[in-house]
Amino acid sequence: MVARRRIVLALLAATALFVAACGSSNSSSSGGSSSSSGGGGTKVSGAKVIDPNSMNSPPKGTITYCQGKDTTGSAKALIKDFNAKYGSQGWKVKLVEFPASADAQRAQFIQRQQAKSGDCDVFSSDVIWTAEFSSQKWLYDLTPYIDKARSKYIPAPLETVHYGGKYWGVPETSDAAFIYYKNGTAPSTWQQVYTQGKSGGGLVYQGAPYEGLTCNFLELAFAAGGKVLSPDGKKSEFNSPANLKALELMVNGIKNGEAPKSVTTYMEPETDQAWTSGKYAYMRNWTYAYAADNTGSSKVKGKYKVAPLPSFEGGGKAGILGGHNSVISVYSKNPGLSLKFSDFYASPAFQKKLLLKYSQAAIIPSTYSEADVKKAIPYAPELLQALSQAKARPVSPVYPQISQAIYKNVNDALAGRMSPQDALKKADSQINSALSTF
Ligand code: GLC
C-alpha cells in the first residue's frame, strides 16, 4: 500500500513537473535561451519560506555544506574565509565532499533528503536540479531573500534557481566550457579541433558515462543544429541527422586517433590529469581548469590559452550552461546560519576571489571588469559572454533519465560497442519511454 501510494505521489509530482516544464519556456526542446528556462512552471505550494532577517543573528552552531569533490580548493578557501570572519562569534561551517560525478552528488543528496536528514544544511546543487528538488519540497523558498537584490546577479545563473515563480537557491558559480590549446591560434570549428589536434596528441574531454558527457555531446549536437526533445517537450527528437553528424565526429575522432580512447572513462579530474601531462593538443573543459591546471607540477603550466567553443561546420556555435547554487535543506536545524553562509558565498569579495584565483565563473557581472581580474583571467569578457549565450539542458521531470539515455548510448558509441546510428536510435526510444512514464 505504501509502495503504491509512493508511486502515485511520484507520478503526480512528475505530471506537475511536466506541465511546468512545458508551460515554462521553449527550452525543453533544444535547450533554448537559459534565461527563459526556469521561472515558469507549476507553483510549488506549502514550501517553507526563509526569513531573510534570520541570517543577521542566527543561533550559534556549526552547519554542514555539502558539495562535489573540491578539485580546485575553492570550497576549502570558502570554509576558511567564513570561519575566519564569523567563527569567533560562534558561527561556523564544515565541508563534506561528495564524489566528482554530478550524478553521484545528486544521489547522495537525494538519499539524505529521503531520510529527512539534516546532514547537508546547504547543498551545492547543479543548475539542472532546481525543479526536481523544489517540487519534492526539499528546499527552502528563498524568494524573500533574492527579491532584496535581484539585480545583483547575472540573469542566466539567477534564472537557474527560478522555478514555479519562486527562487529556490542562491547562485554560487555559473559555468561554461572552453577549448584549451597550446600552440598557434584557436581552432574555429569542431572539425578543426579534431583534424588539427591529431599531430599534437589529440583532444581530451569528458567521455565517461555521466552527466558531463551529456554536456560534452550536446555542445556539438546543438552546434550542429540538433535537438533533444520536440518543442512541446512531449517526444524525443534525438535521432536526427544533425545529432548523427555530431556523434560521428566524436566517434571517428577516437577511431582516427584524434582523441585517445581513454576519454571514454574521463570525468573532469581525469581530463585535467591528461591535459597537465602535456601529451595532448586540446582539451574541452569548464572554466575552472584554467587556474586548476596551471599549478606546480603541471607540464602545461603557463603554456596554454583558452578559446570559446568553436562552431560546427554547416551549423553554428553552442555552449551549455553549467553552474551550481546554494540550496538550503528544509531539514536544516539552522536555516538562518545556512542563509548567512549562502549569502557569504555570493558576496562580491568571495565572488572576486573565485574568478581571480580559481577561474570559476562569478555570478556578479561587475567582477569581470575589475582590472586585476582581467589581468589574471584574460578571457574574462568571453566568459561573461559565454554565460549569457549558453543553452540550458532540457527541462523535464524525467531529465535524469533523459540524460542517462544520452550519456550511456553516446558512451557505447564512443567505446565502439554500438554504431552511432544505433546509439541515437536506442537513446531516442529510451527518452520516449522515459517521457511516457508519466
Ligand atoms: C560542471 C557544471 C555542471 C555540470 C557538470 C557535469 O560542474 O557546472 O552544471 O552538470 O559539470 O559534469
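1. Basis of the note. The model is a predicted one, in which local features need pLDDT of at least 70 and side-chain atom pairs count only at pLDDT 80 or more, while totals for chains, interfaces and linings use all residues. Residues are numbered from 1 along each chain as its sequence is written, and side-chain values use heavy atoms, with hydrogens and water left out.

2. The five-stranded sheet. Five strands make up an open sheet with mixed pairing, in the order β2-β1-β3-β11-β6; helices (H or I, at least four residues) and strands (E, at least two) are DSSP runs numbered from the N terminus, and two strands pair if DSSP finds at least two bridges between them. The edges are held by β2 (91-97) and β6 (170-175), each of which has a single partner strand, so one side of each is left without a neighbour in the sheet. On average, neighbouring strands of this sheet are turned by 20 degrees against each other, direction ignored; axes here are lines fitted to C-alpha atoms, for helices over the stretch in contact, and angles run from 0 to 180 degrees between N-to-C directions.

3. Strands β1 and β3. Within that sheet, β1 (residues 61-67) and β3 (residues 122-126) run parallel and are joined by two bridges, with Y65 standing opposite V122 in β3.

4. The disulfide. How many disulfides does a search of the whole structure find? It finds one, taking a disulfide as a pair of cysteine sulfur atoms within 2.5 Å, and this one joins C66 to C120 with an S to S distance of 2.1 Å. The pair links distant parts of the chain, since C66 belongs to strand β1 and C120 to the loop between α4 (102-114) and β3, 54 residues apart. The torsion about the S-S bond of C66 and C120 is about -95 degrees, so the disulfide is left-handed. Both C66 and C120 are buried, where buried means under 20% relative accessible area, exposed over 50%, and partly exposed in between (1.4 Å probe, protein chains only). C215 is also buried, with a relative accessible area of 2%.

5. Helix α3. The 13 residues of α3 (residues 74-86) should span 18 Å at 1.5 Å a residue, and the end C-alpha atoms are 18 Å apart, which agrees; the expected span is 1.5 Å times one less than the number of residues. Buried in α3 are S74, A75, A77, L78, I79, F82 and Y86, and the buried residues of this helix pack against β1, β2, α13 (335-345) and α14 (348-358), contact meaning heavy atoms within 4.5 Å.

6. Helix α14. Which residues of α14 are buried? They are F350, Q351, L354, L355 and Y358, and they cover an arc of only 135 degrees around the axis, which puts them on the same side of α14; the arc is that of the directions from the helix axis to the C-beta atoms. The buried residues of α14 pack against α3, β6, α12 (289-292), α13, α15 (371-376) and α16 (380-389), whereas the face turned away from the buried side carries the exposed residues P348, A349 and K357. After α14 comes S359, which has a positive phi near 45 degrees.

7. The four-stranded sheet. A further open sheet, again with mixed pairing, has the order β8-β9-β7-β10, and its edge strands, β8 and β10 (305-308), each pair on one side only. Strand β7 (residues 177-181) pairs with β9 in the antiparallel sense over five bridges, and Y180 has M283 in β9 as its bridge partner. Strand β8 (residues 203-204) pairs with β9 in the parallel sense over two bridges, where L203 is partnered by Y282. Strand β9 (residues 282-286) is mostly covered, five of its five residues being buried, and helix α8 (residues 190-197) lies across β7, β8 and β9, running at about 135 degrees to β9.

8. F217. This residue is found in helix α9 (residues 211-223) and counts as buried at 0% relative accessibility. Leaving aside neighbours within four places in sequence, F217 is in contact with F238, N243, A246, L247, M250, I406, V410 and L424. F217 and G207 are 10 residues apart in sequence and 8.6 Å apart in space, C-alpha to C-alpha.
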